[in-house]
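Here are my notes for a first look at this structure. Please read them with the model open.

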Amino acid sequence: MELETYHPEHRRPIRSAKEIAALLRKAFLGVGKSPDTHIYDVNEYSLSFCPRCPENDFVRRSMVAFRKLNELEKRVCIYDLMEEGRHYRFWFMPYYSAGSHEKLVRRVAEKFCREWANA
């Protein structure tokens, strides 16, 4: 998968969101950041020092898509899609059943991928 030519699959939003997350880690390296950088810690100012390149554009698109999510959706995006396996797996238990959580993850993945494609 190349950064310049990546297109999320609408039929597989969760897989596409996770692919974007993996490519984002590579893009962070390309703009001089750690691959462990959190999407919410990056801003336009920090990217202004990097030349326009596919990595920079990929990070910007991801930032735009992430900012369009509401606070709950951002949490789901981080915990279940972008940084899966780095957080307590059952963070959602006090709020959602497993089934409703799965539906929420899918909805967030769909929205994130749609916003990413339109960014």
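1. Start with Thr-37. Thr-37 is found in the loop between α1 and α2. Helices here are DSSP runs of H or I with at least four residues, strands are runs of E with at least two, and both are numbered from the N terminus. A polar atom of the Thr-37 side chain lies 2.6 Å from the backbone oxygen of Ser-34. Leaving aside residues up to four places away in sequence, Thr-37 touches Phe-28 and Val-42. Contact means heavy atoms within 4.5 Å.

2. A word on the source. This is a predicted model, where local features need pLDDT of at least 70 and side-chain atom pairs count only at pLDDT 80 or more, while totals for chains, interfaces and linings use all residues. Residues are numbered from 1 along each chain as its sequence is written, and side-chain values use heavy atoms, with hydrogens and water left out.

3. Now Lys-33. Lys-33 also sits in the loop between α1 and α2 (44-47). Lys-33 counts as partly exposed, at 22% relative accessibility. The scale is this: buried is under 20% relative accessible area, exposed is over 50%, and partly exposed is in between (1.4 Å probe, protein chains only). With residues up to four places away in sequence not counted, Lys-33 touches Phe-28, Val-42 and Ser-46. Cys-50 is 17 residues from Lys-33 along the chain, and their C-alpha atoms are separated by 10 Å.

4. Next, a helix pair. Helix α1 (residues 13-30) packs with helix α4 (residues 71-82) at an angle of about 85°, and their axes are 10 Å apart. Axes are lines fitted to C-alpha atoms, for helices over the stretch in contact, and angles run from 0 to 180 degrees between N-to-C directions. The two helices, α1 and α4, are therefore roughly perpendicular. That label covers 65 to 115 degrees; under 35 is roughly parallel, over 145 roughly antiparallel, and the rest oblique.

5. Who makes that contact? From α1 come Ile-14, Ala-17, Lys-18, Ala-21 and Leu-24; from α4 come Asp-80, Leu-81 and Met-82.

6. Last, the cysteines. How many disulfides does a search of the whole structure find? The search finds zero. A disulfide is a pair of cysteine sulfur atoms within 2.5 Å. For Cys-77, the nearest cysteine sulfur is that of Cys-113, 8.7 Å away. Cys-77 is buried, with a relative accessible area of 1%. Cys-113 is in no disulfide. Cys-113 is buried too, with a relative accessible area of 3%.

Definitions and conventions:
Polar contact = N/O pair within 3.5 Å; in protein donor to acceptor, adjacent residues only side chain to side chain.
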